[in-house]
Amino acid sequence: MKKFLFAAVFLMVMGMINTASAVEPMEAFREPMEKILKLLGDPQYKETNTENLKRQKITIITNGLFDYTEMAKRALARNWRVFTPAQRQEFRDVFADLLENTYYNKVYGEYTNETVTYQKQHKISDVKARVETLIHRETVDIPVKYSMKLSKGVWRVYDVNIEGVSLIKNYRSQFSKILKKNKPEHLIQRLREKTAQFEKKENSEQ
Amino acid sequence: MKYAAFFSVVLSLLLGMGCAAHNASMESRDVLSRSVQSPAQVTEKDSVEQQGLTEVDSEFLDDSLDFLDEEDEEIEDGIRIGDPIEPWNKVMFQFNDKLYFWVLKPVARGYRAVVPHVVRNSVKNFFINLTFPARFVNSLLQAKGQNASDELGRFLFNSTVGVLGFWDAAGRFYPNLNPAPEDLGQTLGNYRIGHGFYIVWPILGPSTVRDSVGLIGDSFLNPVTYVEPTTASMGISAYDRVNGLSFRIGDYEALKDAALDPYEAFRDAYIQYRYKKVAE
């Protein structure tokens with residue numbers, strides 16, 4: 001009986017893992033995105049003292065949605081091989097800081113009831129997909145495509161493409177230009193300085 | 001028109017990337033806790049490198065860049081473009097940057113504060129309708145019949161029902177009548193004429209040799225060009241520009257702030273954007 005129970009539980013767990021990976025990329029994207037939009041539009045967080053709480057909540061959602069290591073790797077491209085493993089990790093962390101600091105206030109700070117339409121998904125392979133969305137903003141609709149990758153059973157975003165402009169490729173061209181003349185340490189240092197600048201600015205505004 | 005579209009790219013980049021930001025913030029919290037115990041971390045990492053890997057660090061030991069193979073080499077080549085006049089371009093980039101912060105932005109902001117949204121939107125529609133000839137001709141030059149007939153339909157409908165184009169009536173009644181805006185730069189690209197090299201023009205901003213030729217060609221199809229005297233013509237263009245900008249204040253700053261090397265970021269964004277426009 002015990003053995004049977006064990007087998008049953010085992011099968012159930014396997015089943016759950018299977019269903020987890022069977023989630024369609026579009027769904028894997030839509031659900032967290034809608035949660036974020038809901039948080040953004042929630043009047044409960046309009047007061048400044050709850051701003052941090054909102055930010056934390058959104059952070060938790062997006063952390064599961066974005067494959068940050070993959071983004072860092074693709075942004076460095078061939079230069080990834082020049083970086084030591086320790087530098088790679090450090091780079092990923094500071095690159096993450098740059099994105100976070102730049103966009104939080106600019107985008108979510110100025111959120112004006114944008115909505116998103118999830119148009120279609122395009123499966124490139126078993127582990128790669130593209131989800132096409134349309135962001136409705138004031139008087140214009142902006143087509144935004146998200147490149148997603150299935151790793152460890154979860155679909156996560158590794159690039160954002162708007163009207164043909166890839167975010168990661170844009171950073172790639174900047175980084176490769178810097179790395180042509182400088183060492184990895186220099187790039188990491190510059191990213192760190194950029195973050196420090198932002199934090200200084202933020203503190204002075206408060 | 002092209003410029004306006006470019007700005008819309010810039011703006012949308014920001015929206016799209018906003019999402020990426022949040023993931024980052026989570027990671028940064030990790031960093032925080034990591035940096036607290038950093039001395040131990042370093043030695044631990046070193047030993048990991050020597051002995052083999054833990055699960056967490058293995059992703060940073062992975063040298064494979066297989067994604068480079070899947071990326072279309074042809075696209076990469078199309079995007080690579082020379083910048084032989086970089087010193088000039090950088091000066092012009094700085095000039096445009098100052099022009100934006102010192103002149104365009106304050107003016108657009110004041111204008112936005114005074115003029116209601118509905119009026120600004122009508123003005124925007126009017127100018128879009130007015131530049132129909134260039135889009136129509138370029139659709140024909142690229143043998144895009146459907147696009148050309150959609151353009152014509154929109155123009156006729158908006159010029160009449162839409163009261164000289166001030167109201168985007170076609171957008172209201174025929175939302176599917178939404179042709180992709182074509183310009184001469186795209187037509188030339190369609191004819192397999194290369195970019196030439198990158199040029200930053202004062203006031204007009206990022207361009208290439210090919211797109212500059214396109215800009216001049218298209219200006220002959222823009223009614224505003226034929227307004228006399230020339231100062232009036234320039235005034236109208238400037239007004240169109242400010243009106244358009246009133247919808248996008250803050251976008252330029254955001255992309256600039258996001259960049260580690262703003263000059264390179266704008267150059268790359270422009271080239272990627274134009275490449276896609278020609279390809280579609």
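Of the 280 residues of chain B, 47% count as buried in this predicted model. The secondary structure of chain B comprises 15 helices and two strands. Contacts between residues at least 6 apart in sequence were examined in chain B, and 73% of them join residues at least 24 apart.

Chain A was described in the corresponding terms. Of its 206 residues, 48% count as buried. Chain A contains seven helices and five strands, and these elements follow the pattern α-α-α-α-α-β-β-β-β-β-α-α when read along the sequence. Among contacts in chain A between residues at least 6 apart in sequence, those joining residues at least 24 apart make up 53%. Chain A exposes about 10,900 Å², and carbon and sulfur atoms supply 55% of this area.

Within chain A, the packing of two helices was examined. Helix α2 (residues 25-41) and helix α3 (residues 51-65) of chain A have axes that come within 10 Å and cross at roughly 170°. Because angles over 145 degrees count as roughly antiparallel, α2(A) is described as roughly antiparallel to α3(A). On the side of α2(A), the contact is made by A28(A), F29(A), P32(A), K35(A), I36(A), L39(A) and L40(A). The residues contributed by α3(A) are K54(A), K57(A), I58(A), I61(A), T62(A) and L65(A).

Attention then turned to charged side chains. Side chains of opposite charge can pair when their charged atoms come close. A search of the whole structure identified 23 salt bridges over all chains. One of these joins E264(B) to K177(A), with 3.4 Å between the closest N and O atoms. This pair crosses between chains: E264(B) belongs to helix α15 (residues 262-279) of chain B, and K177(A) belongs to helix α6 (residues 167-181) of chain A. The two partners fall into separate accessibility classes, since E264(B) has a relative accessible area of 4% and is buried, whereas K177(A), at 23%, counts as partly exposed. Both residues also take part in a network of salt bridges that links K177(A), E86(B), K90(B), E264(B) and R267(B).

D183(B) pairs with R274(B), the closest N and O atoms being 2.9 Å apart. D183(B) lies in the loop between α10 (169-173) and α11 (184-190) of chain B, while R274(B) is in helix α15, so the pair ties together parts that are 91 residues apart in sequence. Both D183(B) and R274(B) are buried. A further salt bridge is formed by the side chains of R210(B) and D211(B), with an N to O distance of 3.7 Å. R210(B) and D211(B) are likewise buried.

A nonpolar patch was found on the surface of chain B. The patch is formed by W88(B), F95(B), W201(B), I203(B), L204(B) and L215(B), which together have about 540 Å² of accessible area. One of its members, L215(B), is found in helix α12 (residues 209-219) of chain B. L215(B) counts as partly exposed because its relative accessibility is 31%, and partly exposed residues are those between the limits of 20% for buried and 50% for exposed.

Most residues other than glycine have a negative phi, and most peptide bonds are trans. The peptide bond from E228(B) to P229(B), however, is cis, with omega near -10°. P229(B) lies in the loop between α12 and α13 (230-245) of chain B.

Positive phi values occur at A143(B), where phi is near 55°, and at V163(B), where phi is near 50°. A143(B) is found in the loop between α8 (132-141) and α9 (145-160) of chain B, and V163(B) lies in the loop between α9 and α10. A143(B) is exposed, with a relative accessible area of 69%. V163(B) is exposed as well, with a relative accessible area of 52%.

Conventions:
Residues are numbered from 1 along each chain as its sequence is written. Chains are lettered from A and ligands numbered from 1 in the order in which they are written. This is a predicted model: local features need pLDDT of at least 70, side-chain atom pairs count only at pLDDT 80 or more; totals for chains, interfaces and linings use all residues. Side-chain values use heavy atoms; hydrogens and water are left out. Patches are made of residues with over 30% relative accessible area and no salt bridge: like charges are joined within 9 Å, nonpolar side chains (Val, Leu, Ile, Met, Phe, Trp, Tyr) within 5 Å. Accessible areas come from the Shrake-Rupley method with a 1.4 Å probe; for residues, only the protein chains shown count as cover. A salt bridge is a side-chain nitrogen of Lys or Arg within 4 Å of a carboxyl oxygen of Asp or Glu. Helices (H or I, at least four residues) and strands (E, at least two) are DSSP runs, numbered from the N terminus. Buried means under 20% relative accessible area, exposed over 50%, partly exposed in between (1.4 Å probe, protein chains only). Contact means heavy atoms within 4.5 Å. Axes are lines fitted to C-alpha atoms, for helices over the stretch in contact, and angles run from 0 to 180 degrees between N-to-C directions. Angles under 35 degrees count as roughly parallel, over 145 as roughly antiparallel, 65 to 115 as roughly perpendicular and the rest as oblique.
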